[in-house]
Amino acid sequence: MQINSFEEYQETYKLSVEQPEQFWAGIADKFLWRKKWDKVLSWNFSEPNIKWFEGARLNITENCLDRHLAENGDKPAIIWEPNDPQKDSITLSYKILHEQVCRFANVLKKNGVKKGDRVCIYMPMVPELAVAVLACARIGAVHSVVFGGFSAKSIADRINDAECKVVITADGAFRGNKQIQLKEVIDDALIGCPTVERVIVLTHTRTPVSMLKGRDIWWEDEIKLVDTNCPAEEMDAEDLLFILYTSGSTGKPKGVVHTIGGYMVYAGYTFSNVFNYQKDEVFFCTADIGWITGHSYIVYGPLSQGATTLMFEGIPTYPDASRMWQVVEKHKVNILYTAPTAIRSLMSFGLEPLNGIDMSSLRVLGSVGEPINEEAWHWFDENIGKSKCPIVDTWWQTETGGIMISPIAYVTPTKPSFATLPLPGIQPILVDENGKEIEGNGVNGNLCIKFPWPGMLRTTYGDHERCKLTYFSTYENLYFTGDGCLRDEDGYYRITGRVDDVINVSGHRIGTAEVENAINMHAGVVESAVVGFPHEVKGQGIYAFVIFPNHHEDADLTRKDILQTVTRVIGAIAKPDKILFVTGLPKTRSGKIMRRILRKIAEGDIANLGDITTLLDPAVVEEIIEKSQK
Ligand code: 6R9
């Protein structure tokens with residue numbers, strides 16, 4: 001399944017485009033199925049209706065666990081490194097992980113979870129999180145993992161959208177020198193969640209929590225009541241595996257739906273190839289399982305390939321800026337997959353934190369989540385990779401399930417800040433605003449994909465129309481990514497950033513409309529407009545223009561009130577970096593806010609505001625510019 005030379009890549013790519021079904025069937029053959037498919041692919045992008053491996057039967061956990069037991073039962077599946085470096089790390093072999101997953105799957109069953117039921121998981125980065133995810137998959141329940149940084153309201157919205165029956169959480173989470181009271185957040189969320197019957201609580205920080213009779217139960221108690229025998233539920237390839245919520249240009253986050261067979265094949269194939277994973281290597285992806293990167297490249301991709309995956313509970317800068325490198329040294333990490341924002345943040349501490357740390361185990365480096373600037377790319381290459389580890393700059397999305405455009409380590413010649421070339425099976429195309437294909441090289445356009453791949457989303461949960469509108473209606477018969485892209489003279493792709501109203505803050509997608517809705521909830525706010533602006537560490541920051549007629553003498557306090565409101569409504573990750581109070585917003589005569597102008601002001605590029613004559617009241621622009629420069 002692994003590609004070993006550039007020529008082989010070119011041949012494989014050609015086959016994958018000319019005979020996609022034959023190509024993917026060959027890859028899928030390397031996985032474990034209870035019954036093989038009747039048909040590899042049926043599709044149209046107009047409804048959209050996409051089915052891979054129709055008729056096939058399987059359970060993904062048999063691929064991630066059972067099939068490795070005979071030969072690799074004692075091999076480490078998960079290595080866990082705690083937040084506190086003084087505490088012991090934990091290693092779970094495939095055998096132990098299998099046992100724990102089966103046991104916890106029985107806990108879920110005992111608590112009424114059935115095939116197809118939705119389960120919300122809101123947990124710290126501990127091995128039990130992976131266990132909970134896999135236990136759902138074992139019994140055919142659909143998991144919806146929510147990142148630990150979201151507020152009670154965001155969780156409630158997600159739980160209600162998916163009508164979750166059970167929530168799995170913990171008392172709290174450690175993050176650097178902070179503690180997050182997860183159970184408390186869940187308690188607040190559940191006030192408005194009528195579908196939730198059970199909350200399973202793991203003890204981790206052992207902070208006091210409220211436990212409601214008839215609803216809340218302890219993980220540790222429950223696992224004593226069941227055994228480790230849990231045959232895997234036989235599932236259809238197109239049954240739902242998980243829902244993962246992500247932000248788009250509209251106010252409400254969407255539940256991106258992935259199905260079992262195609263997602264498994266795609267996550268496994270891309271993991272094995274892009275990182276050139278070799279037997280017994282340690283793979284360290286620094287993402288949180290609350291994001292797609294964690295789903296595909298901490299859990300499903302690595303485990304489906306029998307790899308050793310490292311889970312890190314903490315943050316790169318705790319207790320100091322050498323922590324991530326220490327983790328690499330301690331566990332002899334071979335492949336390190338991280339985000340530009342982490343690299344830029346660590347870069348700012350200089351080279352001192354690297355002193356005396358042996359990272360010679362490293363063989364491949366990876367980047368994901370946002371465009372990586374050349375400076376960060378070179379720093380990573382020279383200081384971490386010692387100029388001998390290929391860097392794979394992997395472009396993909398929650399919706400794509402796995403890596404789409406990326407170098408293949410030791411195969412594709414890299415170029416700083418370029419995601420380089422499409423992986424086999426991926427057919428990118430650049431289009432102009434009207435959807436006309438932009439051919440040739442040395443061109444810019446909107447990035448679309450013109451042919452299905454197994455890992456692509458199938459729908460948005462509970463609202464198929466929304467899936468169609470968001471991804472398949474902008475351009476006919478194309479999947480629209482929302483990203484702008486350059487294809488250079490060599491045919492190499494460089495992702496230039498979102499072309500819609502989505503801001504990418506530290507690799508996290510945040511919708512401007514969502515932040516605006518949250519700001520507008522503050523009692524004194526009349527209206528607001530939110531745009532992104534370049535931020536040295538985060539990539540993009542959030543800039544909010546707010547109409548707040550009667551704010552107190554103390555504007556700073558009002559700003560803090562607004563931040564608090566956003567934290568309540570969405571979570572701390574969506575807090576604006578800058579808030580500017582204004583008396584009006586630039587609007588067209590039809591009442592639409594002209595964000596293009598606000599974006600320029602936020603960037604400090606006021607010389608290039610473009611045409612403002614179509615504005616209802618061009619004078620507001622002058623006011624905003626003046627205030628922004630104070
Ligand atoms: C995997 C993940 C997706 C958006 C995507 C794009 C940006 C991701 C990138 C990148 C440039 C890369 N993005 N990887 N931009 N170079 N290598 O991050 O999924 O959270 O859904 O974000 O992130 O803008 O559209 P998700």
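Trainee: Which residue in strand 17 stands opposite W80?

Mentor: In general, strands of a sheet pair through backbone hydrogen bonds, either parallel or antiparallel. Here W80 stands opposite M311 in strand 17. Strands are DSSP runs (E, at least two residues; helices are H or I, at least four), numbered from the N terminus. Strand 4 and strand 17 (residues 308-312) run parallel and are joined by four bridges; two strands count as paired if DSSP finds at least two bridges between them.

Trainee: Before we go on, what kind of model is this?

Mentor: This is a predicted model, in which local features need pLDDT of at least 70 and side-chain atom pairs count only at pLDDT 80 or more, while totals for chains, interfaces and linings use all residues. Residues are numbered from 1 along each chain as its sequence is written, and side-chain values use heavy atoms, with hydrogens and water left out.

Trainee: What is the strand order in the open sheet of seven strands?

Mentor: The order is 5-4-17-16-18-19-20, with mixed pairing. Strand 5 (90-93) and strand 20 are the edge strands, each pairing on one side only.

Trainee: Now salt bridges, please. Which side chain meets E81 in one?

Mentor: The general idea is that side chains of opposite charge can pair when their charged atoms come close. The cut-off is a side-chain nitrogen of Lys or Arg within 4 Å of a carboxyl oxygen of Asp or Glu. Here E81 meets K330, at 3.0 Å from N to O. E81 lies in strand 4 (residues 76-81) and K330 in helix 11 (residues 323-330), so the pair ties together parts that are 249 residues apart in sequence. A search of the whole structure finds 36 salt bridges.

Trainee: How many residues surround the ligand?

Mentor: There are 17, and the closest are D393, T398, D483, R498 and R509; a residue is near a molecule if one of its heavy atoms lies within 4 Å of it. Helix 10 (292-304), strand 20 (391-394) and strand 25 (493-498) each supply at least two residues of this shell.

Trainee: Which polar side chains lie by oxygen atoms of the ligand?

Mentor: An N or O atom in the side chain of R498 is 2.8 Å from a ligand oxygen, and a polar side-chain atom of N504 lies 3.3 Å from a ligand oxygen.

Conventions: Polar contact = N/O pair within 3.5 Å; in protein donor to acceptor, adjacent residues only side chain to side chain.
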